[in-house]
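Here are my notes on the structure, as numbered points. Please read them with the model open.

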Amino acid sequence: MEALTIVKVVFEEGFKYAILALGVYLTYSILDFPDLSVDGTMPLGAIVSSVLIIKGVNPWLSLLVAFACGLLAGCLTGILHIKLKLEPLLSGILVYTTLLSVNLVLIKIGTGGQSIASIFGKKTIFNSSVANILPQNINGINVRKLIVLAIFVIVLKIIIDLYLKTKSGMLLRATGSNQQYVIMLAKNPGMSKILGLAIGNGLAAVSGAVIAQSTETANTTMGVGMVVFGLSSVIIGLSVFKRVGFMKATTMVILGTIIYKACLQIAVVIGLPSEYNKMLMAVLFVLALVFSGTLKEKVGKRRDKNA
């Protein structure tokens, strides 16, 4: 029973953060844009959603508002990069720094001066409307939250896959790989970048909102290290499942997030103090980069031999 509970926790955490990883996948893997503003948009979504729920707004509607706020933040990052010609890292840092103040102001106003937005006992996507139709327990294990998260992430993944097949999605892919080709098509690669950053940060905000509703709390520091987490999940997923031809990249990213969370959960099980969590995240990120680089080197050597 304990093993099943650990597995359930891993999948719950993996699905919650997979939404963030999908956003990072759009900006980092497709657009080739290292976006540091994610560390700010993730708690932005959490705080916005929590404050709205405190005010009595429907939890599902709060997710849409959180997504809209993330879109605006992503647009700002894109505008700083495209219109003001700032480097990607600097654009992300500036937006993240701005959001530090924005998030603090929002949580202070929304909670009457508190530094934590608590929604204990409030309606969330896990205990209201459609969620009440789902089974609560299976073999003594509470699985409702896991089912809601799984359905939500799968639907989101399908929407992203469908979008990437549209004309706008294809332009997004082309912008990341070959901007000159986009220009030859008489299209503006800058607008595609802004759109991609907007969607990516919107997903990060939704992830924060879902996490806040799951833990029933939100604060301004919950986004620290989320860029590292998202990049690690993307790199692990795309590296480990790269040779699985039938698997879409979005599925790889989701599985990569679950693997990453499983590694962190193993550390908890063996008794690693929580103070070392961020350091462990950094170590896993380095290992993911090394593993990814090793795979690329092997593939390159095999191609040379076959040439």
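1. A nonpolar core, as used here, is a set of buried Ala, Val, Leu, Ile, Met, Phe, Trp, Tyr and Cys residues joined through side-chain atoms within 4.5 Å. Buried means under 20% relative accessible area. Keep in mind that this is a predicted model.

2. Start with the overall fold. The protein has 11 helices and four strands. Its radius of gyration is 20 Å, close to the 19 Å that the globule rule gives for 307 residues, so the protein is as compact as a globular protein of that length. The C-alpha atoms fill a box of roughly 60 × 45 × 35 Å along the principal axes.

3. Next, contacts and surface. Of the contacts with a separation of 6 or more, 76% join residues 24 or more positions apart. Buried residues make up 48% of the 307 residues. The accessible surface is about 15000 Å², and carbon and sulfur atoms hold 68% of that.

4. The largest nonpolar core has 66 residues. F15, I19, L26, L203, V210 and F229 have the most contacts inside it. Elements giving two or more residues to this core include α1, α5 (144–164), α8 (189–215) and α9 (226–240). Helix α1 gives the most, with 12 residues. A second, separate core has six residues, among them L44, A73, L80 and L99. In soluble globular proteins, nonpolar side chains tend to be buried together.

5. Beyond its neighbours within four places in sequence, V210 is in contact with K16, I19, L63, I125, F126, L149 and F152.

6. Is K16 buried or exposed? K16 sits in helix α1, residues 2–30. Its relative accessible area is 3%, so K16 is buried. Setting aside neighbours within four places in sequence, K16 is in contact with L149, S207, V210, I211, S214 and T215.

7. Turn to the outside. I266, V269, I270, L272, Y276, M279, V283 and L287 form a nonpolar patch on the surface. Together these residues have about 780 Å² of accessible area. The elements that give two or more residues to the patch are α10 (249–269) and α11 (277–306). Helix α11 provides the largest share, three residues.

8. Why does L287 count as exposed? L287 lies in helix α11. Exposed means over 50% relative accessible area. L287 has 51% relative accessibility, so it counts as exposed.

Note on methods:
Residues are numbered from 1 along each chain as its sequence is written. This is a predicted model: local features need pLDDT of at least 70, side-chain atom pairs count only at pLDDT 80 or more; totals for chains, interfaces and linings use all residues. Side-chain values use heavy atoms; hydrogens and water are left out. Patches are made of residues with over 30% relative accessible area and no salt bridge: like charges are joined within 9 Å, nonpolar side chains (Val, Leu, Ile, Met, Phe, Trp, Tyr) within 5 Å. Accessible areas come from the Shrake-Rupley method with a 1.4 Å probe; for residues, only the protein chains shown count as cover. A salt bridge is a side-chain nitrogen of Lys or Arg within 4 Å of a carboxyl oxygen of Asp or Glu. Buried means under 20% relative accessible area, exposed over 50%, partly exposed in between (1.4 Å probe, protein chains only). Contact means heavy atoms within 4.5 Å. The radius of gyration is taken over C-alpha atoms; the globule rule is 2.2 Å times the number of residues to the power 0.38.
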